[in-house]
There are 2 protein chains.
Amino acid sequence: MIDTADTSVCRIAWIGTGVMGLPMCEHLKKAGYFVKAYSRTLAKAEPLKEKGVQVVDDIAEAIEGVDVIFTMVGYPEDVRSVYFEGIFPHLKSGTILIDMTTTQPVLAEEIATKAAELECASLDAPVSGGDVGARNATLSIMVGGERATFDQALPLLKLLGKQIVYQGAAGCGQHTKMCNQIVIASTMVGVCESLLYGSRAGLDLDLMLTSISGGAAGCWTLDNLAPRILKRNFDPGFFVDHFVKDMLIAIEEAKRMNLDLPGLDKAYELYRKVQDLGHGALGTHALMLALEAAHRGDQPT
Amino acid sequence: MIDTADTSVCRIAWIGTGVMGLPMCEHLKKAGYFVKAYSRTLAKAEPLKEKGVQVVDDIAEAIEGVDVIFTMVGYPEDVRSVYFEGIFPHLKSGTILIDMTTTQPVLAEEIATKAAELECASLDAPVSGGDVGARNATLSIMVGGERATFDQALPLLKLLGKQIVYQGAAGCGQHTKMCNQIVIASTMVGVCESLLYGSRAGLDLDLMLTSISGGAAGCWTLDNLAPRILKRNFDPGFFVDHFVKDMLIAIEEAKRMNLDLPGLDKAYELYRKVQDLGHGALGTHALMLALEAAHRGDQPT
């Protein structure tokens, strides 16, 4: 069994070098590992070359001779094709697969089953903390899979995050991420509606936030995103489009479990309006724009 | 103009000695003021006698000869009758009125107008922080009214709370409290749905909370009420019935401003189900019981 803490023997492939994957891949390289990287859009991986990462233009080439494969791509269908078309046909036994994309729990289970057939082990290890967390290696990483695989991979995960928790069998990392997104979805609705109400009531919103942020309404969204909304800065920490993808996974998973989540359904419906307004590439707090747009017609003049 | 910081001259009446009002009234007495108290249910004020508060059985008697009148009662209709039937007919000019009940912004404006006619001044000063905040004098107090009245009353408010913010004209304290409740309503929906999802997915909910509490999903509700839900402890910090009252005020106020708040509407609908289940006297986190009840029929056995 490979010692992943030993940078002189453990070789790594990193697939997916977007806004999250790029800095995460860099952390591993900086720690001294041999790292090969692949990105569907090759230009995105380019900056890694000067850090000493070997950038290749083919998944098969990326995973040849490595011990651990990380993936951090976009949508569940990307994860599926990367694994079932790109990785599995070329996988050597004993490899550890770590998918850090947020995707369906059931897909994580499928990957785990297929990996086991090939005498490999896999982890689903989605993260929260956004691009800032990725750059500062302060991500929260929620991990599903075999406990032994988690223990083996831990030295590598510690290079990427701060709060790393083993959540249970394959899929449990993804389920935990869904729990995270379900809280965020409704919290964002509450924060944006509160700002809209306060604005319409003629309050000084900075003063209002001073009154409510420290108490029972206190939350990360109020502390970090409400001030950006007041500055009309809707730059993405986390993209609306990706959040909608995550909510849809949670909704489908809930349906599969015969579970009704009316608040999440409502948040999803509102976020679809954000997309309809053409704001899918803005940050999640752009929910405010959809709530405002719904009332533009009847605002007092 | 009375110096409210001078305990030897400033005389106080306190009306409403429930779970919030009782300890708040005590703080003023402890600071050395002459305090008279009235409660509709006289037995509730009884414990104040041994603290040196003069308990009386009539509002007119309570407010006779005092400089500042505090009210902390239950519902808007209570506030209305206390002021328009109890206080105003017997009010001497120069008195400061401070309503700390959560009530309609428009009612706060009516009280301010009537007070001005009688050459008095009023503040709407609702609080957040619950019974714990009331006992420890750590409430957040959101104040509307004339700035000069706020400045004059500040020495007294400082005995009751920690975060005391002047929010603007009459009604602005109540509007700020509505902003607070709007955030809390949807946040509670998100937290309960997240726990329900996690439970149904078979996660260890303590581990799940460890993963998500420190990040973008982080909130007071997750830190303080989720653990109580896991212990099935639904004792009230804040009553469902009172929260429903607050949400209804916000919904009606929003309607008046021609404002649609779909997340708040959904939360209100869910909380009405909590009441229908007979749980109005439990804490706000009993929302969990309504979400669970909706699925009891189709839970896997």
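These legends walk through several close-up views of a predicted model.

In this predicted model, local features need pLDDT of at least 70 and side-chain atom pairs count only at pLDDT 80 or more, while totals for chains, interfaces and linings use all residues. Residues are numbered from 1 along each chain as its sequence is written, chains are lettered from A and ligands numbered from 1 in the order in which they are written, and side-chain values use heavy atoms, with hydrogens and water left out.

**View 1. Chain A as a whole.**
Chain A holds 13 helices and nine strands; helices (H or I, at least four residues) and strands (E, at least two) are DSSP runs, numbered from the N terminus. The radius of gyration of chain A is 21 Å, close to the 19 Å that the globule rule gives for 301 residues, so chain A is as compact as a globular protein of that length. Here the radius is taken over C-alpha atoms, and the globule rule is 2.2 Å times the number of residues to the power 0.38.

How much of chain A is made up of buried residues? They account for 59% of its 301 residues, where buried means under 20% relative accessible area, exposed over 50%, and partly exposed in between (1.4 Å probe, protein chains only). Chain A exposes about 11,500 Å², and carbon and sulfur atoms supply 49% of that area. Accessible areas come from the Shrake-Rupley method with a 1.4 Å probe; for residues, only the protein chains shown count as cover. The chain carries 27 positive and 37 negative side chains, and the centres of the two sets lie 4 Å apart. Lys and Arg count as positive and Asp and Glu as negative, without His and the chain ends; the place of a charge is taken as NZ of Lys, CZ of Arg, CG of Asp or CD of Glu.

**View 2. Ile111(A) and its neighbours.**
Look for Ile111(A) in helix H4 (residues 105-117) of chain A. With a relative accessibility of 3%, Ile111(A) counts as buried. Which residues does Ile111(A) contact, leaving aside neighbours within four places in sequence? They are Val79(A), Tyr83(A), Phe84(A), Phe88(A) and Ser122(A), with contact meaning heavy atoms within 4.5 Å. Across chain A, among contacts between residues at least 6 apart in sequence, 65% join residues at least 24 apart.

**View 3. Thr149(A) in helix H6.**
Thr149(A) sits in helix H6 (residues 147-157) of chain A. Is this residue buried or exposed? Thr149(A) counts as buried, at 6% relative accessibility. Not counting residues up to four places away in sequence, Thr149(A) touches Ile96(A), Ala121(A) and Leu123(A).

**View 4. A salt bridge between Lys51(A) and Glu26(A).**
Here the side chains of Lys51(A) and Glu26(A) meet in a salt bridge, at 3.6 Å from N to O. Lys51(A) lies in the loop between strand E2 (34-38) and strand E3 (54-55) and Glu26(A) in helix H1 (residues 21-30) of chain A, so the pair ties together parts that are 25 residues apart in sequence. Lys51(A) is partly exposed at 41% relative accessible area, whereas Glu26(A) is buried at 16%.

The side chains of Arg256(A) and Glu253(A) form a salt bridge of 2.7 Å, N to O. These two are three residues apart in helix H11 (residues 240-256) of chain A, so about one helical turn separates them. Arg256(A) is exposed, with a relative accessible area of 54%, while Glu253(A) counts as buried at 4%.

**View 5. Two residues with positive phi.**
Most residues other than glycine have a negative phi. Glu119(A), which is not a glycine, has a positive phi near 60 degrees. Glu119(A) lies in the loop between H4 and strand E6 (121-124) of chain A and is exposed, with a relative accessible area of 60%. In chain B, Asn258(B) has a positive phi of about 60 degrees, although it is not a glycine. Asn258(B) is found in the loop between helix H12 (240-256) and helix H13 (262-276) of chain B, and counts as partly exposed at 43% relative accessibility.

Conventions:
Salt bridge = Lys/Arg side-chain N within 4 Å of Asp/Glu carboxyl O.
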